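Work through the exercises below with the structure open. Each task is followed by its solution.

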Amino acid sequence: MKNRLFRSEWRIYADSTGQRVREESMLTRKEMKQKARQSLRKHYLMFVTVCVAAAILGTEFSGSLDGIKIESREERSPETTVTGIVGRQPNLSDVVLDALQGNEEESRELSEELKEQAVQNTKEGRGSAALGRSRGVLAGFVNSVTSGSILVTLIAAVNSMVGSAGITVFLFIVLSLLLALGAWVFLFNMYTVVSRRIFLEGRVYEKLTIQRFAFLLRVKRWTKVSLTMALASLYQMLWALTIVGGIIKRYSYFLVPYIAAENPDISPKKAVNLSRKMMHGHKWECFVFELTYWGWDMLGSLTFGLTAIFYSNPYKTAAFSEFYVQMRDLAKEKKIEGCELLNDRYLFEKADEDVIFEAYGDSLASVWEEEEQEPEKLRGGAGFLANVLGITVINRQDERAYEEYRNGQSKYQMIKAAVEGVVYPERLFPIPEAGKRQKLETLRYMRRYSVWSVILLFFAFSFMGWVWEVSLHLITDGVFVNRGVLHDPWLPIYGTGGVMILAVLNKFREKPLVEFLLTIVLCGCVEYFTSWFLEITHNGEKWWDYSGYFLNLNGRICAEGLLVFGLGGMAIVYVAAPLLDDLIRKIPYKILIPVCITLLAVFGADEVYSNRHPNTGKGITDYTGAWIEEQEVRT
């Protein structure tokens, strides 16, 4: 029958008892594609992200990225051909080759030459100024990797231990193979299972969370699934030696990642055998189903991979997820040996209310209770501060109840979603998922801070920032320098950034990944515009300059600093601020308020004085100049 997965509407097969049974045909290809498009519409961004990650890792769809890869002029230069030309510039392979041959001094000289050339290129404008290579920890790390100095040191150490360049070469070859094999087995190859799990959940449920990428870690089956995929790949590779067998066995093992996604606890051998049995008699249908996408593949080539990236790759994956569901149902009907291992029922259908109540009954009452006990929201200006920025005028007596409510709501969001059938019910998974760590929950980071707490937190963060800057300068230069534009021991940019993270990003505290990314953006804006403001108000004086740092923007911000700010912001939101706030709450108001007022008065006086007499000098505003002079003397 036209457009059906099977050639006829009905098939005759023998069941486990040998009796001939008539079986209704599976869904047509058109119907499976229609279901795939429905899933894609529900989870478009997530599905595209999953497939793009697969393309980057090289597990699937890697050809989709070929159209957006731009070959550099250096790569097209005849000086970099395989045969080589006399007088060509040394490269990383030359450094490693000299080191492996025992020519340590020559390899170090070549490595230093590569490093100096990279720095010189950025200084002379032959590279992006944002990709500075001359200053900073990150720039130093990049230079060490690209110049091969790390490898030279490692190879020299091994040479000194084994006393033979030949043995060193052998050891590095073995080590490289092991590292490549480990990365392939435990990351790249098994990512297919993660992607299939996400696509299968997306068929039934309306919401997919980023945590589903780590579901194998949560059930502690990462290694087992990696070995399952490795065994399937090994069998397929061996069969590929027979040419025809390789093509056939590709379809025999086609369902292995789906089987492992449904049941990560299945043994590698059983997963392979089960896929082979389920695909028996259906390899041709699968091949024809793949052929129906040739038009999309052609369009992907014509559009330089854009249509593949943004539509056909996730569409095709969703369609073959439907194909697996049909094969699974058929295996259950035929009672194929091993089909009982396909035991994740609620991956394919939503649970009944009775089943949900039995699994989540101990939490449902708590959810309803929390909903009924929601504290009354403040209104007016106080309501804006409390509800939007998470700041109250004083520590109200009912704040503890509010914190318990907010933290309880955060804890139960996923439970409510599972009960409502919006997400996959983790408690119904055949393998119990590991519970989340409870330590951070005891800190009650979902809280509001009083104005007085915010003031003391501002000064605490400002002082911590000052200690950080002074310590770095003391370690790197061996000199104590009072860092910052002010004269007292505080750097208000750190205090401002810390308070803004707590207030401006208050609504994102329940989503750590979003909080981290927005913290980087927020701190980058604060640092950039603070640098700009100080320069225009103090005749071009610079209190910091990241020129030469890797990934910097006009010398005002750099990737290295923003990464530190992002990590520091997470520590502030989820650890430091709650701990400090608990201590501040113990201080009586008759002491707390005078202390805050005194600190504000001293800070204001320092601001006024520093505006006319800013803190400048060596290591403060001329640190960059001193560094440049030092580098010029060295060169």
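**Exercise 1.** Determine the handedness of the crossing of α1 and α17, then classify the angle between their axes.

Solution. In this predicted model, the crossing of α1 and α17 is right-handed. Helix α1 covers residues 29–42 and helix α17 residues 306–334; their axes come within 8 Å and cross at roughly 125°.

**Exercise 2.** Which residues make the contact of α1 with α17, and how do they divide into nonpolar, polar and charged?

Solution. Begin with α1, which contributes Met32, Lys33, Lys35, Ala36, Arg37, Ser39 and Leu40. On the α17 side are Tyr311, Pro314, Tyr315, Ala318, Ala319, Glu322, Phe323 and Gln326. Sorting the residues of both helices gives nine nonpolar, two polar and four charged.

**Exercise 3.** How many residues has the largest nonpolar core, and which have the most contacts inside it?

Solution. The largest nonpolar core has 73 residues. Those with the most contacts inside it are Phe254, Leu255, Ile259, Met278, Phe323 and Tyr324. Helix α17 supplies the largest share of this core, 10 residues. Another core, of 41 residues, lies apart from it and includes Tyr445, Ile572, Val573 and Leu592.

**Exercise 4.** Locate Leu231 and find what it touches beyond four places away in sequence.

Solution. Leu231 is in helix α11, residues 222–240. Beyond its sequence neighbours, Leu231 touches Pro268, Lys269 and Val272. For Leu231 and Lys269, the separation is 38 residues in sequence and 7.5 Å from C-alpha to C-alpha.

How values were computed. Residues are numbered from 1 along each chain as its sequence is written. This is a predicted model: local features need pLDDT of at least 70, side-chain atom pairs count only at pLDDT 80 or more; totals for chains, interfaces and linings use all residues. Side-chain values use heavy atoms; hydrogens and water are left out. Axes are lines fitted to C-alpha atoms, for helices over the stretch in contact, and angles run from 0 to 180 degrees between N-to-C directions. Helices (H or I, at least four residues) and strands (E, at least two) are DSSP runs, numbered from the N terminus. A crossing is left-handed if the near helix is turned anticlockwise from the far one by less than a right angle, and right-handed if clockwise. Contact means heavy atoms within 4.5 Å. Ala, Val, Leu, Ile, Met, Phe, Trp, Tyr, Cys and Pro count as nonpolar, Asp, Glu, Lys and Arg as charged, and the others, Gly among them, as polar. A nonpolar core is a set of buried Ala, Val, Leu, Ile, Met, Phe, Trp, Tyr and Cys residues joined through side-chain atoms within 4.5 Å. Buried means under 20% relative accessible area, exposed over 50%, partly exposed in between (1.4 Å probe, protein chains only).
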